[in-house]
Amino acid sequence: MNICSIFLLTIILISTSAQEPQLIFVQQLFRHGARYPIYPSPLDGSDFAVKEHSLGELTSQGKAMHYMLGKMLFKDYWSKLFGSNLKYHQSKFFFKSTDVNRTIESAQSQFLGIFENIESVNITESDLKYS
């Protein structure tokens, strides 16, 4: 399966002449994760017609990809932005998605990876059902 993804991460650093640069802003734009085909072909040798899913929907692998990306973003950027503060503040985040189910599920999976370590958001990997 050919997987196409787009990932853009904007990082803004502010530096004064006497200090190290400080991360103040991270913006991310991404496309949905791996999905089932919209138009399956009998030539591709798959059994998509008999599996329980909707055509074009996110696969378990697609959800897992975004979950892992969220974990990576948390590891790389949380402490640089918020220090050791592990509390979720709604005013610090803005999320937006199209109304297509696979993009919403991609965003949800990624945010689960980011927020699983946050005290006021109690999520563990065992809570996720990717299979």
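**A salt bridge, a core and a pocket**

The side chains of Glu116 and Lys71 meet in a salt bridge at 3.3 Å, N to O, a salt bridge being a side-chain nitrogen of Lys or Arg within 4 Å of a carboxyl oxygen of Asp or Glu. This pair links distant parts of the chain, with Glu116 in the segment after α2 and Lys71 in helix α1, 45 residues apart. Helices (H or I, at least four residues) and strands (E, at least two) are DSSP runs, numbered from the N terminus. The structure holds one salt bridge.

The model is predicted: local features need pLDDT of at least 70, side-chain atom pairs count only at pLDDT 80 or more, and totals for chains, interfaces and linings use all residues. Residues are numbered from 1 along each chain as its sequence is written, and side-chain values use heavy atoms, with hydrogens and water left out.

Glu116 is buried, with a relative accessible area of 13%, whereas Lys71 is partly exposed at 29%; buried means under 20% relative accessible area, exposed over 50%, and partly exposed in between (1.4 Å probe, protein chains only). The side chain of Glu116 also makes a polar contact of 2.5 Å with the side chain of Tyr67. A polar contact is a pair of N or O atoms within 3.5 Å; within protein, one must be able to donate a hydrogen and the other to accept it, and residues adjacent in sequence count only if both atoms are side-chain atoms.

The largest nonpolar core has nine residues: Leu23, Leu69, Leu73, Phe74, Tyr77, Trp78, Ile114, Phe115 and Ile118. Such a core is a set of buried Ala, Val, Leu, Ile, Met, Phe, Trp, Tyr and Cys residues joined through side-chain atoms within 4.5 Å. Helices α1 and α2 each supply at least two residues of this core, and α1 gives the most, with five.

The largest pocket has a volume of about 820 Å³. Of the 26 residues that line this pocket, the closest to its centre are Val26, Gln27, Gln28, Phe94 and Phe95. On a 1 Å grid over the protein atoms alone, a pocket is an open set of points where a 1.4 Å probe fits, with protein on both sides within 12 Å along at least five of seven lines; lining residues have an atom within 4 Å of a point. Grid points are joined across faces, edges and corners, and the volume is the space filled by probe spheres set on the points. β2 gives the most to the lining, with seven residues.
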